[in-house]
Amino acid sequence: MSGQDEQGACDIPGSPHPGPPDPGPLTPEPSTPPRTRLTRRRLLVGGGALVGVGALAAGGAGLVGSVETPAPVPQRVPAPARPVRGTQAAVTVEWVRSVARNRSVRLVITSPPGRDRATLPLCVGMHGLGGNALWWGDPGMRRVLGNAWASGVPPFAVAALDGGDNYWHPFHPDDDPMRMMLDELPTWMLQRGVARATQGVPVLTAGVSMGGAGALLYGRERARRGAPVRAVAAMSPGLFTDWRVAAKRPFAGPADWAANDPLRFYPELAGTPTGVWCGDKDAFAAPVRRYIELAHPQFSRISPGRHDGTYYGTILPQVIDFLGAHVAPPALPFAQPSRETYPHL
């Protein structure tokens, strides 16, 4: 995979950039799941069935779910006009009780149709601001993932959870979405027979917008635990170079932002293969360019697009291909390549 975009090399200035315009106010996260009448239409979604697995463990809850609001409409990957049978990913959705978040959250698992999830490597997917785990099981996502796997990308499963709007770190009291991902998700996966070879522990991580920053943060936390993931994919990550902009997001203060800022902790991901994508008209483009300049990720791409689902739809095939290329454990420890291997810089 080449690091150069078809439209030309990325322009990476040598000096820090100002922060992006404020993308808007936070969307409140309900503390408890909505009560929704379960219908056949809600149970059957495209090529993937939404299956209530039931109370599989203490804190596990049956399906009560809704599929109406996986993300603000502009952030949703466009759905196919006419779904093609056999190429959409399979999806299950249920509610589980998270002790780390002190609430019930959706657990969405997306996987290649007809495959035994017990044998599949696992990727943890992180949603953006104002969204939820259903973004990873939305019709557009099911089509893109299903097509990628059908075309030969090594298969893996994606597990997503509702993380709220905390920028994937502890911000509100008794609400720690990162601890949920690190400590609770593997147990839920084992209870459902997913990724048994790694004891339910994800080997990949990917995220969009706020979730893109969250994926980088998850990669850092795994590295700190001595169990790094095999790859991180950050799509249009929500990064900031100016506290005046970051202050409008859920950070307790400059110290909290600095402690969880990928533009500062990037050296901790030096041994983890990382891919970064962003649209050239995205409000986060300048900080993302700065991250590329500092961190030298294994792959990066700045291409035409904005901070919306239309752009995500154009890059997702490449993102999935990047993740699939790192499904298998590396034969040798990952070594940081030289600067000469980055034609996009």
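Reply: The crossing of helices α3 and α4 is right-handed, a term used when the near helix is turned clockwise from the far one by less than a right angle, anticlockwise being left-handed. The model is a predicted one, in which local features need pLDDT of at least 70, side-chain atom pairs count only at pLDDT 80 or more, and totals for chains, interfaces and linings use all residues. Residues are numbered from 1 along each chain as its sequence is written, and side-chain values use heavy atoms, with hydrogens and water left out.

On the α3 side, the contact (heavy atoms within 4.5 Å) is made by Met 178, Met 181 and Leu 182; α4 contributes Gly 214, Leu 217, Tyr 218, Glu 221 and Arg 222. By class, five of these residues are nonpolar, one is polar and two are charged; Ala, Val, Leu, Ile, Met, Phe, Trp, Tyr, Cys and Pro count as nonpolar, Asp, Glu, Lys and Arg as charged, and the others, Gly among them, as polar.

Two packed helices are described by the angle between their axes and the distance between the axes. Helix α3 covers residues 177-191 and α4 residues 210-224; they pack at an angle of about 50°, with their axes 11 Å apart. The pair is therefore oblique, the class left once angles under 35 degrees count as roughly parallel, over 145 as roughly antiparallel and 65 to 115 as roughly perpendicular. Axes are lines fitted to C-alpha atoms over the stretch in contact, and angles run from 0 to 180 degrees between N-to-C directions.

The protein chain around this pair has nine helices and eleven strands, taken as DSSP runs (H or I, at least four residues; E, at least two) numbered from the N terminus.
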